[in-house]
Amino acid sequence: MYLVLAIHHPVPERATDTLDALQSILDGMEGAPGLTAGYVGWDRPHEQVFALCLWESAAQFNDRFPWIQQAVARSGIRDWAARPPRALKFE
């Protein structure tokens, strides 16, 4: 099992937009080989929006990563950031 947690720090007025964009990206990954589950959420007290994805293997995530990066670039999430995102990966 491979877990990827992407944490975004949008400006407060764009938190809902960021949450919606992450959900749209996750919806676009539906059926990707190796993706077993995905969730998005909003940690309001810390002004963080996150996406959590569970993959069967790191290789399957890495195969899909270029698509994810393109989807993030198209979404506008980077323009709404109060500070850079973080990605945590666990095996």
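User: Which residues lie nearest the centre of the largest pocket, and how many residues line it?

Analyst: This is a predicted model. In it, 20 residues line the largest pocket. Ala-6, His-8, Ile-68, Gln-69 and Val-72 lie nearest its centre. The volume of the largest pocket is about 390 Å³.

User: Which helices and strands supply the lining of the largest pocket?

Analyst: Look for elements that each give at least two residues. Here they are strand 1 (2-10), helix 1, strand 3 (48-55), helix 2 and strand 4 (81-90). Helix 2 gives the most, with five residues.

User: How does the lining of the largest pocket divide by class?

Analyst: There are 15 nonpolar residues, two polar and three charged.

User: Now the helices. At what angle do the axes of helix 1 and helix 2 cross?

Analyst: Start with the two axes. Helix 1 covers residues 15-28 and helix 2 covers residues 58-75. Their axes cross at roughly 145° and come within 10 Å.

User: Is the crossing of helix 1 and helix 2 left-handed or right-handed?

Analyst: Helix 1 passes helix 2 in a right-handed crossing.

User: Which residues meet where helix 1 contacts helix 2?

Analyst: Helix 1 brings Ala-21, Ile-25 and Gly-28. Helix 2 brings Arg-64, Trp-67, Ala-71, Val-72 and Ser-75. By class, this contact has five nonpolar, two polar and one charged residues. Val-72 is also among the residues nearest the centre of the largest pocket.

User: Where does Val-40 lie, and what does it touch?

Analyst: Val-40 lies in strand 2, residues 35-43. Leaving out residues up to four places away in sequence, Val-40 touches Leu-19, Leu-22, Gln-23, Leu-26, Phe-50 and Ala-51.

User: Why does Val-40 count as partly exposed?

Analyst: Compare the relative accessible area with the cut-offs. Buried means under 20%, and exposed means over 50%. Val-40 has 21%, so it is partly exposed.

User: How far is Val-40 from Glu-91?

Analyst: Along the chain, Val-40 and Glu-91 are 51 residues apart.

User: What is the phi of Glu-47?

Analyst: First the general idea. Most residues other than glycine have a negative phi. Now this case. The phi of Glu-47 is near 50°, a positive value in a residue other than glycine.

User: Where is Glu-47 placed?

Analyst: Glu-47 sits in the loop between strand 2 and strand 3. Its relative accessibility is 44%, so Glu-47 counts as partly exposed.

Terms used: Residues are numbered from 1 along each chain as its sequence is written. This is a predicted model: local features need pLDDT of at least 70, side-chain atom pairs count only at pLDDT 80 or more; totals for chains, interfaces and linings use all residues. Side-chain values use heavy atoms; hydrogens and water are left out. Axes are lines fitted to C-alpha atoms, for helices over the stretch in contact, and angles run from 0 to 180 degrees between N-to-C directions. Helices (H or I, at least four residues) and strands (E, at least two) are DSSP runs, numbered from the N terminus. A crossing is left-handed if the near helix is turned anticlockwise from the far one by less than a right angle, and right-handed if clockwise. Contact means heavy atoms within 4.5 Å. Ala, Val, Leu, Ile, Met, Phe, Trp, Tyr, Cys and Pro count as nonpolar, Asp, Glu, Lys and Arg as charged, and the others, Gly among them, as polar. On a 1 Å grid over the protein atoms alone, a cavity is a set of points where a 1.4 Å probe fits but cannot get out, and a pocket is an open set with protein on both sides within 12 Å along at least five of seven lines; lining residues have an atom within 4 Å of a point. Grid points are joined across faces, edges and corners, and a volume is the space filled by probe spheres set on the points. Buried means under 20% relative accessible area, exposed over 50%, partly exposed in between (1.4 Å probe, protein chains only).
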